[in-house]
Every structure is written in structure tokens, then in C-alpha cells.
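Student: Hi! Could you walk me through this structure?
Tutor: Happy to, let's look at it together.
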Amino acid sequence: MKNKISLLICYFGKFPWYFGYFIHSCKYNPSVDFFLVTDILIHISLPSNVRVVNKSLNDIVEIAEQKLGIPVIISNPYKLCDFKPAYGAIFSELIEGYDFWGYADIDVVFGNIRHFITDEMLLNYDVIGCRHDYLTGVFCLYRNCHQMNTLFMQSKDYEKVFTSTDFFSFCECNFLWQELDIGASIFDFPNNIKSMTWVVKKAAKEGKIKAHFDFIIAEGTPVKIKWDKGSIVYNNKYEAMLYHLVMFKTVCKKPRLLDPIPDTFYFSPSQIYK
């Protein structure tokens, strides 16, 4: 594998119950480096490809203002989601030497990332998402170059987003999830904030960049998801690159914490089991 990939994850406060599953799945992707930017002091053993960068939220504000050249407002950790497309600029020192950088969340269990993100794909595309209809904040890759690291500036609204306390779902589609899911175009909503889905699709349409949209994510509460030595199989039929726990963590209030986490385990609609 020729191309080097780094994923940036910012998390502040206290790690949730699923953090161990996230870390376990990172270990099975040794060709991807994960940078965990956090104010939490971590005392557990981590895989060699997971690197902790201890920063406070105020530190991030200072760095962002310095790198972006504007005053920014990050009044709570969730607001950082709006800044994800600017991580290439904000954390430029961390991603130095990598061919691609991206962002992810910790409510994720990864499958085999490089099974889906091949060197051929990285050669041919500048932006790679994990859905067919819009970019997600849970996973997205950008080529590590000045054009892509500043692509967010092609939105006329980026300064409004970065200097407001409001959350805009800027890294995704400005709350148009349902509309895009049923087939609408991001260009059907000219009065909306120009989100990164709008920016990327516009640039791709104009031939300025090449973007890849494909459905390689599992979400919801399916009948069964099998995690097996770094691979994810969805309902015994399809392989996925990652399982996003966004719905599972709301349904499963008291999950079974497998300790140690085995090489094979399953997600049912309401539980985790061997």
C-alpha cells in the first residue's frame, strides 16, 4: 500500500462505553494512523497506530484562529463537527507526510478500511465519502494538498459557520439528510448554507476535483452485524467498511461490555454478544 492515510478524531469530556470497541477496530487497520485529539488522560494501552494528542478545547480555538485567520467560536465540543472540513488546515502539522487525511468519530466500529479505500481509488479521487448521497461527519477522506485542505473556503458561508455558536451540519449537508436520502439534489436548496456536500459536488461537477460517493457504511439496528477479525458483515450478506453506532447506542442503554473484546463478536438490534 503506497498511500499513507491519517484520520483525525477530536473528543472531549469522558469516553463513552463504546470507546473500547472503536480502539479495538483501529488496531485491525494498521495501515491507517489515527490521531485522537482530546483533553482526556488515557491510561490504557493503545495500538501503535493510535496516537494521542492532548489538547484542551481552548487550545483548539487558539490553533484554529491562528491557522484560519479569523476569530472562531467553539463553545462546546459538538460544535467541532462544523470544523471537520478545516482539520487539514487546523492540524496541518499532524498530517504532514500523509497522502490523505480525514476525520471520523468514536461511535464507530471499523471494518477493513483498506479493503474499500484502495490505492487505485486514492490515485483517482480527491475526496472519498462513505455514502452515495452526501458527505458524512463520521468518515471522509481528503487528499493532503493545499487545494483540498482549503476547499471549505469555497463555501461563501464558512466564516458565518465558524464564527457562530449555532451548529450548521457544515461537514455534511446542512440538515438535508432525509431530502438527499430520497433522491433530491443538494442544488435543489439554493437558500441553504453551502455545506461541504454542496462544495464538493459543485467542484466535482465543474471538473475541479474528483469525488467518490459510495454506500459502504452500516447504520441503524440491523438484524445482525458480525465483526470478525477486522471485517464487518451486515445481515450475513454485505461487507461494510464501518458500523456507525448512532442508532444502536440510543436503543442499547446497557450494553454488554465484552472484556477482553474477542476477535469475533456480534451486534443484535439491542445487544452485543460473542
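Student: How many bridges join strand E6 to strand E7?
Tutor: There are 2, between E6 (residues 127–128) and E7 (residues 139–143), and the two strands run antiparallel. Val127 stands opposite Tyr142 in E7. Strands here are DSSP runs of at least two residues, numbered from the N terminus, and two strands pair if DSSP finds at least two bridges between them.
Student: Before we go on, what kind of model is this?
Tutor: This is a predicted model, where local features need pLDDT of at least 70, side-chain atom pairs count only at pLDDT 80 or more, and totals for chains, interfaces and linings use all residues. Residues are numbered from 1 along each chain as its sequence is written, and side-chain values use heavy atoms, with hydrogens and water left out.
Student: What's the order of the strands in the sheet?
Tutor: The open sheet has 7 strands in the order E3-E2-E1-E4-E7-E6-E8, with mixed pairing. E3 (50–54) and E8 (211–212) are at the edges with a single partner strand each, so one side of each has no neighbour in the sheet.
Student: And E4, is that buried or exposed?
Tutor: In E4 (residues 100–104), 5 of the 5 residues are buried, meaning under 20% relative accessible area (1.4 Å probe, protein chains only).
Student: Which strands does E4 pair with?
Tutor: E4 runs parallel to E1, joined by 4 bridges, and pairs with E7 in the antiparallel sense over 5 bridges.

Note on methods:
Buried means under 20% relative accessible area, exposed over 50%, partly exposed in between (1.4 Å probe, protein chains only).
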